[in-house]
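Colleague: Could you walk me through this model, one feature at a time?
Modeller: Gladly; let us look at it together.

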Amino acid sequence: MSSVAFARIARARLCCNPTTSPSAYRLRPTTRVQSVQPVGAACFSTRPSALRMPEGDAHDPHHEESFEEFTARYEKEFDQVQDVFELQRNLNNAFAYDLVPSTSVITAALRAARRVNDFPTAVRVFEGIRAKVENVHQYNEYLTELQSMREEMGVVLKEDLFPNTMGGERTNPA
């Protein structure tokens, strides 16, 4: 607010007393009644039932996501990947859960890696699977189920690239 506008507001609140000299001012009482607009009930409600989210709402932070919902969500996210950053972010998010993603999610991730032309991330997908599974048998099951996809995409496993650095055990069934 400029000083001129401030002076106008101050002068409007002050009035001159006719019995005294013009230099003696007193405050004019200003009483304003503001009308209060009622808030519609549709805008906000203080009832506890209105504040809760519906059961099964996916946007609820406490919603328990099923494995099928998780799989569908990540398949959709990997299908929409446009660059390497999105691919790696989605992979980090998918592997951050306390579960191993399904083979359909892994397939979608491999196709996204091919689409953005990122071979190292495609190899690291299998490293992520190896780190998430409980034992070597589960890892071998993933490898056999994804064998055709690996051959189609030309993805070579880290244990095939560096056979002497994998702790001496050979997990590749081929």
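**Reading surface and helices**

Modeller: F119 counts as partly exposed because its relative accessibility is 40%; buried means under 20% relative accessible area, exposed over 50%, and partly exposed in between (1.4 Å probe, protein chains only). This is a predicted model, in which local features need pLDDT of at least 70, side-chain atom pairs count only at pLDDT 80 or more, and totals for chains, interfaces and linings use all residues. Residues are numbered from 1 along each chain as its sequence is written, and side-chain values use heavy atoms, with hydrogens and water left out.

Colleague: Where does F119 lie?

Modeller: F119 lies in helix 6, residues 119-132. Helices (H or I, at least four residues) and strands (E, at least two) are DSSP runs, numbered from the N terminus. The protein has nine helices and two strands, in the order α-β-β-α-α-α-α-α-α-α-α from the N terminus.

Colleague: Which residues of helix 3 are buried?

Modeller: In helix 3 the buried residues are F70, T71, Y74 and F78. They sit on the same side of helix 3 because they cover an arc of only 95° around the axis; the arc is that of the directions from the helix axis to the C-beta atoms. E68, K76 and D79 are exposed on the other side of helix 3.

Colleague: What do the buried residues of helix 3 pack against?

Modeller: They pack against helix 4 (84-96) and helix 5 (103-115), where contact means heavy atoms within 4.5 Å.

Colleague: And helix 4: which residues are buried there?

Modeller: L87, N90, L91, A94 and F95 are buried in helix 4. Their arc around the axis is only 125°, so they are on the same side of helix 4. F85, N92 and A96 are exposed on the other side of helix 4. The buried residues of helix 4 pack against helix 3, helix 5 and helix 6.

Colleague: How many residues are in the protein, and what percentage is buried?

Modeller: The protein has 174 residues, and 26% of them are buried.
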